[in-house]
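Good morning, and thank you for coming.

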Amino acid sequence: MMTTYQEFLAELTDGRHRVDSLCNTFEECYGTRPTVAVSAPGRAEIIGNHTDHNNGRVVAAAITQDTVIVAGAVAPEGDDPASLQLHSEGWERDFVVGPGEPGHDTERLMLGVREGLRNSGLAAPGYRACMTSSVLPGSGLSSSAALEIALAGVHGALTGETGEDIPPLRAALVGRFAENHYMNKPSGLMDQLASALGGIHAIDFRDPEAPLTHRIEIDFSETNHKLMVVNTGGSHADLTDAYAAVSREMLSVARELGVSTLAETSRKELFRNLSAVRAATGDRAVMRALHFFEEQDRVSAFVDAADSRSDHEILALMRESGDSSIRLLQNVHTGSARDQSLALGLELTRTYLRQRGGTGAYRVHGGGFAGTMLVVMPEDLFPEYRTAMQRAFGDHAVVPLSIRPRG
């Protein structure tokens, strides 16, 4: 959504300092001042672990950690008007898209977003840009989606004399296109749509090209709780097949039930054909399908709880979602006896809350197997809990989150 410069700065964490610094960097890099500024948030997954890949339901939130880009149009004096150049804070080299194949993942996403907009019939003018991001890569908060949505916003803002406001769904579809076709990542639409929409939304992907959304108003701080992710470490190397196996096994169950995705069938149909499905797909696939069906029910219950301001039920559903990921989805570790940091973090959190008699929630965040967990912790317990997690997983393991109302 287009907004005034002062409104834009007010909505960002430390907005004036960050944007002023980027503008100065832009002038150093390109010898002129930028004309537009864009911000896109990272996202947190609240409910719905690995369900969007089967056109299921999720609850996701935009967060205040964001990617900020200032940009200007390509100068007409001899430059290629289709070229793209991005200077990113912390990198010694610029990312450039021009003739030839892009060599870096960021360049692939820049190219993918441009081509996705063009394929949608939208303008994608060239740009010179500078970027900074508080969505750290590998944090589980979807830095790639924030970058994609921000880049789409840059193209839109530079279109014509007054700019073009790209609708959230269109920006999200363009981001997914860039990941699918230029990064070869079979990602769904949740990350991009959560970033583009802002706030907290329940999203139903039964029609993945036109998902249904329902805005949810939750403020954990009103009940004296703090939302955070905890990075438990662990290597994401060699986990591609583990991630792919989750959706692959769920889809194999769907095919045995005569449909394309689990969203087109039901738990009742699975139980009716259980013997044949087990024989064809194996028991882990069946259990992962059961997780899918349970999460669909939980999203509906979560919306009802949020609309009725039932804070106790909200936290209980988040805990149930986490428990389902452990029992049924089985994505808290890869089976390694040595590295089970995510499973350990969840157990430490469960034990801590039980011993302190605290309310709260904890669950796998994102793909799982390694990395982050999402935690809701009573504010009075947070300092002690943070110290304990830092002792176990490192000084920067705990990242407090706040919900960002706009995308």
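This is a predicted model: local features need pLDDT of at least 70, side-chain atom pairs count only at pLDDT 80 or more; totals for chains, interfaces and linings use all residues.

In which sense do strand 1 and strand 2 pair, and over how many bridges? Strand 1 (residues 36–47) and strand 2 (residues 57–73) pair in the antiparallel sense, over 10 bridges. Two strands pair if DSSP finds at least two bridges between them. One of the facing positions is Val 38, whose bridge partner in strand 2 is Ile 69.

Residues are numbered from 1 along each chain as its sequence is written, and side-chain values use heavy atoms, with hydrogens and water left out.

Let me turn to the chain as a whole. The chain has 13 helices and 11 strands; helices (H or I, at least four residues) and strands (E, at least two) are DSSP runs, numbered from the N terminus. The radius of gyration of the chain is 22 Å, close to the 22 Å that the globule rule gives for 407 residues, so the chain is as compact as a globular protein of that length. That radius is taken over C-alpha atoms, and the globule rule is 2.2 Å times the number of residues to the power 0.38. Along the principal axes, the C-alpha atoms fill a box of roughly 70 × 50 × 45 Å.

Of the 407 residues, 52% are buried. Buried means under 20% relative accessible area, exposed over 50%, and partly exposed in between (1.4 Å probe, protein chains only). Strand 1, with which I began, is mostly covered, as 11 of its 12 residues are buried.

Now consider strand 10 (residues 372–378). Why can we call strand 10 largely enclosed by the rest of the structure? The reason is that 7 of its 7 residues are buried. In a regular strand the side chains alternate between the two faces of the sheet. In strand 10, Thr 372, Leu 374, Val 376 and Pro 378 point one way, Met 373, Val 375 and Met 377 point the other way, and all are buried.

Which strands pair with strand 10? Strand 8 (residues 225–231) pairs with strand 10 in the antiparallel sense over 7 bridges, and strand 9 (residues 361–364) runs antiparallel to strand 10, joined by 4 bridges. Val 375 takes part in both pairings: Met 228 stands opposite Val 375, and Val 375 is also the bridge partner of Tyr 362.

Finally, let us compare two glutamates. Glu 7 is found in helix 1 (residues 5–11), and at 42% relative accessibility it counts as partly exposed. Glu 249 has its place in helix 7 (residues 240–256), and at 14% relative accessibility Glu 249 counts as buried. Which residues does Glu 249 contact, leaving aside its neighbours within four places in sequence? They are Arg 284, Ala 285 and Arg 288, where contact means heavy atoms within 4.5 Å. For the chain, among contacts between residues at least 6 apart in sequence, 72% join residues at least 24 apart.

Thank you for your attention.
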